[in-house]
Amino acid sequence: KAVLVNRSSSEQRLLHNVYLQAATLELVSATSSGPKPYDSRMIMKYDTKPYCQLFQTLAPGKKLELGTVRFQKSRDGFAGQWGPFNFEEVPAGDYQARVAWHSERSQCYDESTRQMRKLTSVWRGLVRSNQVLLHLP
């Protein structure tokens with residue numbers, strides 16, 4: 001489970017949406033860069049408009065869950081789903097796991113005007129979690 005914590009002293013407006021601006025999970029093994037997930041958005045049909053109501057405000061000290069994953073034993077290793085990303089046939093072993101979330105959108109689609117508009121005070125940047133050990137027996 002990964003959470004984003006607002007450690008600033010002011011509210012932060014942001015867009016976290018698994019289809020429009022998803023957090024990614026990176027697995028790195030001792031011997032390789034690790035398994036690459038399949039991005040299921042590649043074959044999905046969904047609305048790509050960043051509607052204004054999808055942006056949310058995170059108060060100081062508040063948390064926002066970015067995602068969670070549980071790997072299950074499958075016939076060819078392990079499988080797990082992180083948002084739109086599917087990990088399959090992950091070999092048993094130890095992995096360093098880290099989550100990254102890149103906030104880059106500051107415009108939203110206003111349904112009342114049917115136009116894009118710039119939002120003020122949207123937090124933009126890249127955050128990475130600390131690394132944790134993932135052991136798949």
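Does Arg114 count as buried or exposed, and at what relative accessibility?

Modeller: Arg114 counts as exposed, at 66% relative accessibility; here exposed means over 50% relative accessible area, buried under 20% and partly exposed in between, with a 1.4 Å probe and protein chains only. The model is predicted, so that local features need a pLDDT of at least 70 and side-chain atom pairs count only at pLDDT 80 or more, while totals for chains, interfaces and linings use all residues. Residues are numbered from 1 along each chain as its sequence is written, and side-chain values use heavy atoms, with hydrogens and water left out.

Arg114 belongs to the loop between β11 (107–110) and β12 (115–118); strands are DSSP runs of E with at least two residues and helices runs of H or I with at least four, numbered from the N terminus. Its phi is positive, about 60°, although Arg114 is not a glycine. Glu89, another residue other than glycine, also has a positive phi, near 55°. Glu89, however, is found in strand β9 (residues 85–90), and at 52% relative accessibility it counts as exposed.

A disulfide, defined as a pair of cysteine sulfur atoms within 2.5 Å, joins Cys52 to Cys108 with an S to S distance of 2.0 Å. The torsion about this S-S bond is about 70°, so the disulfide is right-handed. The structure holds 1 disulfide. Cys108 counts as buried at 0% relative accessibility, and Cys52 counts as buried at 16%.

Rings of Phe, Tyr and Trp (its six-membered ring) pair if their centres lie within 6.5 Å; planes under 30 degrees apart count as stacked, over 60 as edge-to-face and the rest as tilted. The ring centres of Tyr51 and Tyr109 are 5.5 Å apart and their planes stand at 85°, so this pair is edge-to-face. Both Tyr51 and Tyr109 are buried. Lys49 lies over the face of Tyr109, at 5.2 Å from the ring centre; a charge sits over a ring if NZ of Lys or CZ of Arg is within 6 Å of the ring centre and within 35 degrees of the ring normal.

Beyond strand β12, the loop between β12 and β13 (125–128) holds Trp123, which is linked to Trp101 in strand β10 (residues 93–103), 22 residues apart. Trp101 and Trp123 form a stacked pair, 6.0 Å centre to centre and with 15° between the planes. Trp101 is buried, with a relative accessible area of 0%, whereas Trp123 is partly exposed at 27%. The structure holds 4 aromatic pairs, these two among them.

As to the whole chain, the protein has 0 helices and 14 strands, and buried residues make up 39% of its 137 residues. Of the contacts with a separation of 6 or more, 75% are made by residues 24 or more positions apart, where contact means heavy atoms within 4.5 Å.
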